[in-house]
Amino acid sequence: MSGKPTPMMQQYLALKREAGDALLFYRMGDFFELFFEDARVAAGVLDIALTTRGEHDGEPVPMCGVPVHAAEGYLARLIKGGCRVAIAEQTETPDEAKERARREGTPVSKSLVARDIVRFVTAGTLTEEALLEPRRANLLVAVVPLRDSVGLAACDISTGRMELEECPIAALDAALARLGASELLAPDDWPDAPADIIARPRSDFRSEDGEARLKTIHQIATLDGLGDFSRPMLAAAAGLIAYLEHAGRGTLPFLLPPVARGSGAHLAMDAATRASLEILEAQGGGRAGSLIACIDRCATGAGARQLAEDLSAPLADRGAIEARLASVQHFHGDPLLRADVRGVLRQAPDIGRALGRLVAGRGSPRDLSQIRDGLAEARRVRDMLGARPDLPALLADMCEALGGHAALVDHLARALVPSPPTERSQGGFIAADYDHALDSLRETSGNARKAIAALEARYRDGTGTPSLKIKHNKVLGYFIEVPAKHGDKLMAADSGFTHRQTMAGAVRFNSIGLHEEATRIAEAGAHAVAAEEAHFETLVGEVIEAREAIAATAAALARIDVAAALAERAVEGDWARPEMRDEPCLEIVGGRHPVVEAALARSGERFVANDCTLAQANRLWLIGGPNMGGKSTFLRQNALILMLAQAGSYVPANSARVGLADRLFSRVGASDNLARGRSTFMVEMVETAAILSQATERSFVILDEVGRGTSTYDGMALAWAVVEAVHEQLQCRCLFATHYHELSRLAETCDALSLHHVRAREWKGDLVLLHELATGAADRSYGLSVAKLAGVPAPVIKRAKAVLDKLEKGREQTGGLGAGLGDLPLFAVTAQAEEARPDPLREAIERIDVDALSPREALDTLYALQTTARETDA
Ligand SMILES: Nc1ncnc2c1ncn2[C@@H]1O[C@H](COP(=O)(O)OP(=O)(O)OP(=O)(O)O)[C@@H](O)[C@H]1O
């Protein structure tokens, strides 16, 4: 039957309009219910039953629900499933709704409790411990284009950290790859916006609003003291804050003063480089097998988050890198200190996130105790570090930030029980002896409980019923219960008991004495809970007051944890402190790939360390050798060593001299690439184009079998041209792995290029891969031997060998693939020649005086140009 929607449905639909594309959790008593399409989506993601409730427009309404007490777990799964959720709570009790109906003169029987959306839960705005991953930051990022650049605002509201930056549009992908946002906001009128954004109104992104909001939030008259913020940065900040306000329905979470991120402060790495180096995630997705999984020895979640950030954004400033390295060295050289500090850190709760929850108004007594314990541990770390002389500058600064909370810690220690609950409505978290009034309320209810126990004994004796019990439940409160067979005795009019309930096997009663004691308990309990609540508010107020200092302590603990953890890893793997240089060099002795080395070690195999020596005069290494010989591993290990060094870590090598790089590029040939959507060869070429347009003399590039995704001739020609361009134009440090022997002829013309190969040997007809790098070109390709090693059947190998012999004979006769390459002019020479060649079309266009043309003449001119173009083509 179709008809007017019920009042409840009207209320639901209005809230749903407000919720937009977020799923609406509609509170009904002890459940959050979802309806219509929301119900279908949620039931699918959560794998819960989809039912129906009533009708709308003549159709049954799909519905599913989750219990309120378990909502957090379901929310976590929905958010992981890519959903956003609007929570609509009841904002009055049924009694209040009836009262309102009476006041408004509407039928009381049909009164509907008011509901309102109190919060949007989205991936980027989480603070709940259960919804956050302890070892990963959770970033909300806003981007906005303004003139030729883009402003970015990033914040982790679980800790309040906020950063603003500006970058050219071309560098946006790299910046977003570095940040790895959980949620990305952008104005809705931006046609070239990155994929998967949440579109927000353009009016949210006004730079003047951003400036004004930041000033108000941090109660300052000017932002100058915080840093140099450009218009695009402030516009992005405006968009970010507007969204936070929307998600929190007017309440803003904890935000620390913004930090301006300088554009050249970091080693730039784009998304493809990060993916191919498997820094935070392995190629298959997930942390297992990634660099961070292999090196993270942090004792705390906050440390692990800081390490992930350090690896995502290695530094480009030598002083800052040396400062980090010095703190790692301090822990490296002092095993006892390292063990002590890490021992304490392991006990330290995540105070940054506890603080985030408290400031956002979602804190619990347990969060207060985490602040108490975390600050106390910070103090212990400070004492340990401070006791040693020669503290490096960075650690000394961190030490400074660890203290200064004595009064707060003392207050929290006196006020709270050792392990308070996460739920505060029942009380029980304020310690005894803290508040005498509270103590006496507790004593009253304690006494009443004793009195009830005494009553029970008295009633047993008085009625001669040893099985009589005084019990409690939520519905009846306290009551007296006897088995059914004894019920009659207590039913008598003069027994002093009043009947309340008859059950299958028992009868329940009340008595005046019990009622009095129960009332005493209830009153004292309610007062005690109210008193605890008041203390909670005061304590939270004190914590909020000190929020910036607490956040600084949390950040300092994380930084110390990272330094100690990197030292631990360095000792474990026998890593070395890199020597940082300004000139573009890379001199690695005994370098290893940490992830491959660890994987080999697990199966009892040994990793073969290799050297790499790049300098201005010898900056391009062409590396050949058999498949599986270790070329890719060698390329990546050197990129990782450079990246780790710039992140401030020791490196997996016997020694390393690392010239600072501005950008790092890593590209793998098409067949190694798992990218989808475009053809793999297309991806390879798009990425190669990016390198050729962006790398500078200070960059470090690794190219792994570029060109192998297409036909041999095309691939070799491309690889040839790319090597030449890298050598002649970019002039950056580069390792280039290839199977094309023919490329070795480039050594004749490119003087900063040298030839290398991974060694292999044939032993009694079988191939032995030595994984050892040697100078000179590879003698042959060993492709068939590797195929044999891989188990390709002998007849196939035999046939392939026959084909190969034929091909090789042909090559001898014709000069082979590389025939004719010898007299190829150099890339730079041809590029210049291209530039110098006259272009008649261009010249004709330049000669046109557009303003002087009539429409007819303009048309004629166009025809003439087209003719010229055709002639030139031919
Ligand atoms: N230095 C090394 N020491 C020991 N084992 C190594 C070393 N380098 C590589 N390996 C082993 O060899 C395997 C193949 O290495 P890698 O992928 O680097 O070879 P490749 O030459 O790039 O091969 P392809 O040309 O087929 O891509 C690795 O998975 C690893 O097990």
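A: Two residues are taken to be in contact if their C-beta atoms, placed from the backbone, lie within 7 Å. The model under discussion is predicted. In it, helix α19, residues 512–545, lies across the strands β14, β15 and β17. The direction of α19 runs at about 70 degrees to that of β17, which comprises residues 506–511.

The strands concerned belong to an open sheet of four, ordered β14-β15-β17-β16 and paired in the antiparallel sense. Its edges are formed by β14, residues 469–473, and β16, residues 497–502, each of which pairs on one side only. On average, and with direction ignored, neighbouring strands of the sheet are turned by 40 degrees against each other.

At one end of this order, five bridges join β14 to β15, residues 477–483, in an antiparallel pairing. Within that pairing, histidine 472 stands opposite tyrosine 478 of β15. A further helix, α17, residues 436–463, also packs on the sheet, where it touches β14 and β15. The direction of α17 makes about 135 degrees with that of β14.

Helix α10, residues 301–312, packs against helix α20, residues 547–573, at an angle of about 70 degrees, and the two axes are 8 Å apart. The two helices are therefore roughly perpendicular to each other. On the α10 side the contact involves Ala302, Gly303, Arg305, Gln306, Leu307 and Asp310. These meet residues of α20 that include Ala554, Leu557, Arg559, Asp561 and Val562. By class, the contact comprises seven nonpolar, two polar and four charged residues.

The ligand has a shell of 14 residues, the closest being Asn627, Gly630, Ser632, Thr633 and His771. Helices α21 (594–602) and α22 (631–646) each contribute at least two residues to this shell, and α22 provides the largest share, three residues. In composition, the shell has six nonpolar residues, seven polar residues and one charged residue.

As for the whole, the protein contains 29 helices and 27 strands, and 40% of its 874 residues count as buried. Its C-alpha atoms fill a box of roughly 125 × 80 × 70 Å along the principal axes. Of the contacts between residues at least 6 apart in sequence, 70% join residues at least 24 apart.

How values were computed: Residues are numbered from 1 along each chain as its sequence is written. This is a predicted model: local features need pLDDT of at least 70, side-chain atom pairs count only at pLDDT 80 or more; totals for chains, interfaces and linings use all residues. Two strands pair if DSSP finds at least two bridges between them. Axes are lines fitted to C-alpha atoms, for helices over the stretch in contact, and angles run from 0 to 180 degrees between N-to-C directions. A residue is near a molecule or strand if its C-beta atom, placed from the backbone, lies within 6 Å of it. Ala, Val, Leu, Ile, Met, Phe, Trp, Tyr, Cys and Pro count as nonpolar, Asp, Glu, Lys and Arg as charged, and the others, Gly among them, as polar. Angles under 35 degrees count as roughly parallel, over 145 as roughly antiparallel, 65 to 115 as roughly perpendicular and the rest as oblique. A residue is buried if 20 or more other C-beta atoms lie within 10 Å of its own, exposed if 12 or fewer, and partly exposed in between; C-beta atoms are placed from the backbone.
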